Amino acid sequence: MIQYLKRGKPAAAKADINAQVRATVEGILADIETRGDAAVRDYSAKFDKWSPESFRLSQAEIDACIAQLSEKTLADIRFAQTQIRRFATIQRESMKDVEVETLPGVILGHRNIPMNSVGCYIPGGKYPLIASAHMSVLTAKVAGVKRVIACAPPFDGKPCPEIVAAMHLAGADEIYCLGGVQAVAAMAIGTDSIAGVDMIVGPGNAYVAEAKRQLFGRVGIDLFAGPTETMVICDDTVDAELVAVDLLGQAEHGPTSPAYCITTSAKIAAELPAAIEQVLARLDTAPVASVSWRDYGEIILCDSDEEALQEAERLCSEHVQVMTRDPDWYLQRMTRYGALFLGHRTNVSYGDKVIGTNHTLPTQGAGRYTGGLWVGKFIKTHTYQRVLTDEASVLVGEYCSRLCGYEHMSGHKEQADIRVRRFKQPA
């Protein structure tokens, strides 16, 4: 039997907020569409108190940011980027162009072609999310994107040195100190000073996420992102403190971040509320994480792994930590999630920052139909065909003519018929 010992607020409680966000973003996008750079500058001054002579950082400014960092900091950034580059490269190598002769004289194939330009948004207002530069800029460059531009808002009134260094070391071709909807709009729409791109990627707050949603179609995007979600599936092989740490580690992202504990251990279910309070007492981010847990935290006690799997599939969380006797049991059976973290030795933070997998993942149930950001998101698979002989063209053409006739599409039918007439050998 499944017992819901603590329930969170339903997502519908945020509907009014979303309506306000939508309207605000619509207005900003329309203004930037009309006034371009002037509007971008006005919104940057209004929201970020930032209006430099140029939002694009010069090489001297980039070098100055890097010079502020210790060798240890730079080495740590390089280590993380090495892990992410290594796995992204393996993923890229798994994508093969194909060409095959499907019938005598009929050649079909596809080519994997990187996008020409991508804009990467790196959040940096509340937290300077250095890792987002690795996950977006570096992954795009490994995919082969020719032009990768990166935007991040000012942090403490100036470009964040760590973010700038990460962008540069990841291979960004242009770096801008520009945040919020105005950054996303400038990259997607284009202005006199910022050439538009083909795709926008990267996480952000509700306004950034809504801007990407409204711009989708005009440009590609990676995902429709909502608040960060985390889930821990556990049994009595771990303790309540470890579970509490792993739940609150993601709840600190924001006050609407769901955190689910699905457990087959009555002991953990009973001890977890007190463990949450004990861990919150040592976290600087407790004012945020505590609200998230209070409003959106859940404790679900299950009798079996099968019941736990049922709940995990229903909730379809962005991050799923599996800390059970046999984590691979879930790996083989789970189909709806963003990313899996298997066993008690790893955790979501490893994936967020350094281990090599990408941290831009589907939220709000999107794991039902998509995975997260990876090199394949920056690559378009385009098909082609070639017919080598008259005989092959006639063979396909006769079938095509009849099929077009069934559909009453005479123009399509004539495309086939003219080739049959020209290439068919007299009897």
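**Cavity, cores and loops in a predicted model**

The lining of the largest cavity divides into ten nonpolar residues, no polar ones and no charged ones.

The structure holds one cavity of 30 Å³ or more, and the volume of the largest cavity is about 40 Å³. Its lining consists of L57, A152, P153, P159, C160, I163, V164, I175, Y176 and C177. Two elements, α6 (161–170) and β6 (174–177), each give two or more residues to that lining. The largest share, three residues, comes from β6.

Which helices each supply at least two residues of the lining? They are α4 (71–93), α5 (131–143), α9 (240–251) and α14 (348–353).

Next, the packing of the interior. In soluble globular proteins, nonpolar side chains tend to be buried together. Here, the largest nonpolar core has 71 residues, and those with the most contacts inside it are I122, M167, L178 and F378. Helix α7, residues 180–189, gives the most to this core, with eight residues. Apart from this core lies another, of 24 residues, among them A244, A259, V279 and A289.

Leaving aside residues up to four places away in sequence, I122 touches L129, S132, A133, S136, V137, A150, C151, A152, P153, I163 and M167. M167, for its part, is listed with I122 among the residues with the most contacts inside the largest core.

On the helices, I will take one example. Helix α16 covers residues 410–423, which is 14 residues, and reaches 20 Å from its first C-alpha to its last, close to the 20 Å expected at 1.5 Å a residue. Within α16, the residues A416, D417 and V420 are buried. What covers the buried residues of α16 includes α15, residues 390–406.

Finally, the loops. Most residues other than glycine have a negative phi. D156, in the loop between β5 and α6, has a positive phi near 55°. C316, in the loop between α12 (305–315) and β12 (319–323), has a positive phi of about 50°, although it is not a glycine. Is each of these residues buried or exposed? D156 counts as exposed because its relative accessible area is 65%, and exposed means over 50%. C316 counts as buried because its relative accessible area is 3%, and buried means under 20%.

One further loop residue is G144, which lies between α5 and β5 (147–152). With a relative accessible area of 34%, G144 is partly exposed. The C-alpha atoms of G144 and E71 are separated by 29 Å, and these two residues are 73 residues apart along the chain.

That concludes the presentation, and I welcome discussion.

Methods. Residues numbered from 1 in each chain as written. Predicted model: local features only at pLDDT ≥ 70, side-chain atom pairs only at ≥ 80, totals over all residues. Heavy atoms only, no water. Helix = DSSP H or I, 4+ residues; strand = E, 2+ residues; numbered from the N terminus. Expected span 1.5 Å × (residues − 1). Buried < 20%, exposed > 50% of the residue type's maximum accessible area, 1.4 Å probe, protein only. Contact = heavy atoms within 4.5 Å. 1 Å grid on protein atoms, 1.4 Å probe; cavity = no way out; pocket = protein on both sides within 12 Å on 5 of 7 lines; lining within 4 Å. Points joined across faces, edges and corners; volume = space filled by probe spheres on them. Nonpolar A, V, L, I, M, F, W, Y, C, P; charged D, E, K, R; others polar. Core = buried A, V, L, I, M, F, W, Y, C linked by side-chain atoms within 4.5 Å.
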